[in-house]
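I opened the notebook to look up a few things in this structure. My entries follow in the order I made them.

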Amino acid sequence: MARFITSFTITPIGTKDTSLSKFVAAALRALKEKRIKFELTPMATILEADSLDEIFSAVKAAHEAVLNMGVKRVVISINIDSWLFAVY
């Protein structure tokens, strides 16, 4: 069995304001709807899941939430730590 911990950021480009809190809030709402375990930190959002599909689906949902706010361009950074463990 595998486990994945991921840190990711979505940075909107070309916004009219320096505050990104409304974009972060939209992305977090999308993550809550995905029912994935997450933690917001000052520099990134941390996800925990049992599959890459769950991870990428959650990041995609957050990405779409930001795009739906009218953003035309974003930069997404993702770091994934994966490990296997035995189930006895």
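**Entry 1**

I started with Thr45, which counts as buried at 9% relative accessibility. The cut-off I used for buried is under 20%. The model is a predicted one, and I kept that in mind throughout. I placed Thr45 in strand β3.

Next I listed what Thr45 touches, leaving out residues up to four places away in sequence. The list reads Thr6, Ser7, Phe8, Leu31, Phe38, Glu39 and Leu40.

Thr6 sits in strand β1, which covers residues 2-13. Is Thr6 buried or exposed? Thr6 is buried, because its relative accessibility is 0%. Apart from neighbours within four places in sequence, I found Thr6 in contact with Thr45, Ile46, Leu47, Ile55, Ile78, Asn79 and Ile80.

**Entry 2: the chain as a whole**

I stepped back to the fold. I counted two helices and four strands. In sequence order they run β-α-β-β-α-β. Along the principal axes, the C-alpha atoms fill a box of roughly 55 × 20 × 20 Å.

How much of the chain counts as buried? I got 31% of the 88 residues. The accessible surface came to about 6100 Å². Carbon and sulfur atoms hold 55% of that surface.

**Entry 3: the nonpolar core**

I looked up the largest nonpolar core and found 18 residues in it. Which members touch the most other members? They are Phe8, Leu31, Ile36, Leu47 and Val66. At least two core residues come from each of β1, α1 (21-34), β3 (45-49) and α2 (52-67). Helix α2 gives the most, with five residues.

Setting aside residues up to four places away in sequence, Ile36 touches Leu31, Leu47, Glu48, Ala49, Glu54, Ile55 and Ala58. Two of these partners, Leu31 and Leu47, were already in my note on the core.

**Entry 4: charges and salt bridges**

I counted 11 positive and 9 negative side chains. The centres of the two sets lie 10 Å apart. Side chains of opposite charge can pair when their charged atoms come close. How many salt bridges does a search of the whole structure find? It finds three.

I took Glu48 and Arg3 to begin with. Their closest N and O atoms are 3.4 Å apart. Glu48 is in strand β3 and Arg3 in strand β1, so I noted a link between distant parts of the chain, 45 residues apart. Glu48 is partly exposed, at 25% relative accessible area.

Then I turned to Asp50 and Arg3. Their side chains meet in a salt bridge at 2.6 Å, N to O. Asp50 lies in the loop between β3 and α2, while Arg3 is in strand β1. The two are 47 residues apart, and this pair also links distant parts of the chain. I have Asp50 as partly exposed, because its relative accessibility is 39%.

The remaining entry is Glu48 and Lys37, whose side chains meet at 3.8 Å, N to O. Glu48 is in strand β3 and Lys37 in strand β2 (residues 37-40), so the pair ties together parts 11 residues apart in sequence. Lys37 is exposed, because its relative accessible area is 53%.

Which residues are linked in a network of salt bridges? I wrote down Arg3, Lys37, Glu48 and Asp50.

**Entry 5: a positive phi**

Last, I looked at the backbone. Most residues other than glycine have a negative phi. Arg35 has a positive phi, near 55 degrees, and is not a glycine. Where is Arg35 found? I found Arg35 in the loop between α1 and β2. Arg35 counts as exposed, because its relative accessibility is 78%.

Methods. Residues are numbered from 1 along each chain as its sequence is written. This is a predicted model: local features need pLDDT of at least 70, side-chain atom pairs count only at pLDDT 80 or more; totals for chains, interfaces and linings use all residues. Side-chain values use heavy atoms; hydrogens and water are left out. Buried means under 20% relative accessible area, exposed over 50%, partly exposed in between (1.4 Å probe, protein chains only). Contact means heavy atoms within 4.5 Å. Accessible areas come from the Shrake-Rupley method with a 1.4 Å probe; for residues, only the protein chains shown count as cover. Lys and Arg count as positive and Asp and Glu as negative; His and the chain ends are not counted. The place of a charge is taken as NZ of Lys, CZ of Arg, CG of Asp or CD of Glu. A nonpolar core is a set of buried Ala, Val, Leu, Ile, Met, Phe, Trp, Tyr and Cys residues joined through side-chain atoms within 4.5 Å. A salt bridge is a side-chain nitrogen of Lys or Arg within 4 Å of a carboxyl oxygen of Asp or Glu.
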